[in-house]
Amino acid sequence: MATRPVAATTLSEMTHGHEADLFALLTVKEELTTRDGKPYFKVGFRDACREVTFPIWADSPWAEDCRRQWTTGVAYKLRAIYRETNYGPQLEIRKIREVVEADKSDGFDPAMFLPQSRFDPTAMFEELLGLARAEIADAALARLVESMLQENRETLLTLPAATRNHHAFAGGFLEHVLSVTRTAIFLAAKYDDYYPDMQPRLNRGLV
């Protein structure tokens, strides 16, 4: 039995039998037929962490709206029950409409549908900035690096590293740069220890 609807949540937070208001992006709408010739639409809704694909049958009260009005790539506000079934997770839709400007006051953000880094972008940025300040001894170089990071902060918090495969999610570029920076600092320290007579000495700030 479904619980009473809760305030807007995310699709990925829903559990079996829960009814909630949520924002989701329509990613799939295909008109298909079963082996027995029964027509239906295959639809898919997603947020940043979960996609739910399920049928809208021809005799569903949503079939005509789906056919005429639902558009892939458009964000919707739904009231729906989330169910785990033998055919995978599905949504039982109670209400649905396109997102409107006023929904921003309820937490809607177009970026909420993007896959994101598992790490907090703000914390990653602050760590990277801290490493630059701590590791770069040359004052002018330190100021240059810090200014580059600060000027591009908002972009770095959301920028993916690639369109697929390689850190292809919001914050992926920052996650990659921070990982490489940590590794570079570790290796620079090791090489400096191994070769103390290197001339000139290894410059960790330049690394």
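Trainee: What does the secondary structure of the protein come to?
Mentor: The protein has five helices and six strands. Helices (H or I, at least four residues) and strands (E, at least two) are DSSP runs, numbered from the N terminus. This is a predicted model, in which local features need pLDDT of at least 70 and side-chain atom pairs count only at pLDDT 80 or more, while totals for chains, interfaces and linings use all residues. Residues are numbered from 1 along each chain as its sequence is written, and side-chain values use heavy atoms, with hydrogens and water left out.

Trainee: In what order do the elements run from the N terminus on?
Mentor: The order is β-β-β-β-α-β-β-α-α-α-α. The radius of gyration of the protein is 24 Å, well over the 17 Å that the globule rule gives for 207 residues, so the protein is more spread out than a compact globule. That radius is taken over C-alpha atoms, and the rule is 2.2 Å times the number of residues to the power 0.38.

Trainee: And what does the C-alpha trace span along its principal axes?
Mentor: The spans are about 80 × 40 × 30 Å.

Trainee: How much of the protein is buried?
Mentor: Buried residues account for 32% of the 207. Buried means under 20% relative accessible area, exposed over 50%, and partly exposed in between (1.4 Å probe, protein chains only).

Trainee: Turning to helix H5, how many residues does it have?
Mentor: Helix H5 covers residues 172-194, which is 23 residues, and reaches 33 Å from its first C-alpha to its last. This is close to the 33 Å expected at 1.5 Å a residue, where the expected span is 1.5 Å times one less than the number of residues.

Trainee: Which of its residues are buried, and what covers them?
Mentor: The buried residues in H5 are Gly172, Leu174, Glu175, Leu178, Ile185, Ala188 and Asp192. Their cover includes helix H2 (121-135) and helix H4 (153-158).

Trainee: Where is His176 found, and what is it in contact with?
Mentor: His176 is in helix H5. Leaving aside neighbours within four places in sequence, His176 is in contact with His166 and His167; contact means heavy atoms within 4.5 Å. His176 counts as partly exposed because its relative accessibility is 27%.

Trainee: Now the loops: where does Tyr87 lie?
Mentor: Tyr87 is in the loop between strand S5 (75-85) and strand S6 (88-98). With 74% relative accessibility, Tyr87 counts as exposed. Tyr87 and Phe54 are 33 residues apart in sequence, and their C-alpha atoms are 8.5 Å apart in space.

Trainee: Is Thr163 buried or exposed?
Mentor: Thr163 counts as exposed, because its relative accessibility is 80%. The residue is found in the loop between H4 and H5. Thr163 and Val52 are 111 residues apart in sequence and 22 Å apart in space, C-alpha to C-alpha.

Trainee: Last topic: which peptide bond is cis?
Mentor: The bond from Gln199 to Pro200 is cis, with omega near -5°. Pro200 is placed in the segment after H5. In general, most peptide bonds are trans.
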